Amino acid sequence: MPAGTIRYWAAAKAAAGTAEESYTAATLKEALDAVRERHPGELSRVLRRCSFLIDGDPVGTRSHETVRLAEGGTVEVLPPFAGG
């Protein structure tokens, strides 16, 4: 199973209580399910509004169970940002 890093930004970072942590998951869905188990509460609510980058590429509207994660990869968790 691939292992990598999840990086949290802004409100996601505050809700997780950390800037980053590791993942061991084959898909984005599996990684996010594990995150929700480790950080119940506010982070789960924040994740509903977030967008995600996988190794620099936007996930967009793709289903999270179809987004494969790579060994040594990075998942960026990006909450909506205010301003322009």
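Student: Which residues of helix 2 are buried?

Tutor: In this predicted model, the buried residues of helix 2 (residues 28-38) are Leu28, Ala31, Leu32 and Val35. Buried means under 20% relative accessible area, exposed means over 50%, and partly exposed is in between (1.4 Å probe, protein chains only). Helices (H or I, at least four residues) and strands (E, at least two) are DSSP runs, numbered from the N terminus.

Student: Why are they on the same side of helix 2?

Tutor: They cover an arc of only 95 degrees around the axis, which puts them on the same side of helix 2. The arc is that of the directions from the helix axis to the C-beta atoms. An α-helix has 3.6 residues a turn, so residues three or four places apart point the same way.

Student: And what covers the buried residues?

Tutor: The cover includes strand 1 (3-8), strand 2 (20-24), helix 3 (42-47), strand 3 (51-54) and strand 5 (74-78). Contact means heavy atoms within 4.5 Å.

Student: New topic. What is the order of the strands in the sheet?

Tutor: The order is 2-1-5-3-4, in an open sheet of five strands with mixed pairing. Two strands pair if DSSP finds at least two bridges between them.

Student: Which strands stand at the edges?

Tutor: Strand 2 and strand 4 do. Each has a single partner strand, so one side of each is left without a neighbour in the sheet.

Student: How does helix 2 sit on that sheet? What does it touch?

Tutor: Helix 2 packs on the sheet and touches strand 1, strand 2, strand 3 and strand 5. Its direction makes about 125 degrees with that of strand 2. Axes are lines fitted to C-alpha atoms, for helices over the stretch in contact, and angles run from 0 to 180 degrees between N-to-C directions.

Student: Do strand 1 and strand 2 run parallel or antiparallel, and what about strand 1 and strand 5?

Tutor: Strand 1 and strand 2 are antiparallel, over five bridges. Thr5 has Ser22 in strand 2 as its bridge partner. Strand 1 and strand 5 run parallel, joined by four bridges. There, Arg7 is partnered by Glu76 in strand 5.

Student: Last one. Where is Asp55, and what is its phi?

Tutor: Asp55 is in the loop between strand 3 and strand 4 (57-58). Its phi is near 50 degrees, a positive value in a residue other than glycine. With a relative accessible area of 44%, Asp55 is partly exposed.

Student: How are the residues numbered?

Tutor: From 1 along each chain, as its sequence is written. In this predicted model, local features need pLDDT of at least 70, side-chain atom pairs count only at pLDDT 80 or more, and totals for chains, interfaces and linings use all residues, while side-chain values use heavy atoms, with hydrogens and water left out.
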